[in-house]
Amino acid sequence: MSQIDLREPTTDLHQSFMQSTAEWNGEEQDGASMFFADKYGWDLADHTDFERWVKLLNDLAKPEFTPAPGFVSQSTLWVVENGKYLGAVSLRHDLGTGYLAEVGGHIGYGIRPSARRRGLAKLALAGSLEQARSLGSAESPDHVQ
């Protein structure tokens, strides 16, 4: 039986994540926040760099963590089925930059090509909205819409 979960990023899914990356064939993986790896020069195929990236993604969700200038706090969830990475959703806690306000928005998500048309994006969005509701109770309504 298939088990689909939304979970925090983990290094346990390194190989599966890299297989997903190959499926995207160089296209931007919406919701995956790979731009952080680009910013720091991390090669996600390298296990050590992948660990750094996963740690950063998880740290960005912590209220006490301060993102680098030009970036904002966010929560990231991975869509996982039976231990296989299928996609990601990121919820930005605020839109602290003009670019995010104009283009990025609060939620970004993407599903690997081989896993599409199964309702997984809807599942990812629902999980992200649940996070937004919990953040909304701790922050002002202006931050999470």
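Is Trp53 buried or exposed? In this predicted model, Trp53 has a relative accessible area of 0%, and is therefore buried.

**View 1. Phe50 and Trp53 in helix α3.** The structure holds 12 aromatic pairs, and one of them joins Phe50 and Trp53, whose ring centres lie 5.6 Å apart with 50 degrees between the planes, so that this pair is classed as tilted. Both residues belong to helix α3, which covers residues 47-59, and because they are three residues apart in that helix, about one helical turn separates Phe50 from Trp53. Phe50 has a relative accessibility of 0% and therefore counts as buried, and Trp53, with a relative accessible area of 0%, is buried as well.

**View 2. The pair of Trp78 and Tyr85.** Trp78 and Tyr85 form an aromatic pair of the edge-to-face kind, with 5.0 Å from centre to centre and 80 degrees between the planes. Trp78 and Tyr85 are both buried.

**View 3. Lys39 and the ring of Tyr40.** In this view a lysine meets an aromatic ring: the charged end of Lys39 sits over the ring of Tyr40, at 5.2 Å from the centre of that ring.

**View 4. Arg116 and the ring of Trp24.** Here the charge belongs to an arginine, as the charged end of Arg116 sits over the ring of Trp24, at 4.9 Å from the ring centre.

Technical notes:
Residues are numbered from 1 along each chain as its sequence is written. This is a predicted model: local features need pLDDT of at least 70, side-chain atom pairs count only at pLDDT 80 or more; totals for chains, interfaces and linings use all residues. Side-chain values use heavy atoms; hydrogens and water are left out. Rings of Phe, Tyr and Trp (its six-membered ring) pair if their centres lie within 6.5 Å; planes under 30 degrees apart count as stacked, over 60 as edge-to-face and the rest as tilted. Helices (H or I, at least four residues) and strands (E, at least two) are DSSP runs, numbered from the N terminus. Buried means under 20% relative accessible area, exposed over 50%, partly exposed in between (1.4 Å probe, protein chains only). A charge sits over a ring if NZ of Lys or CZ of Arg is within 6 Å of the ring centre and within 35 degrees of the ring normal.
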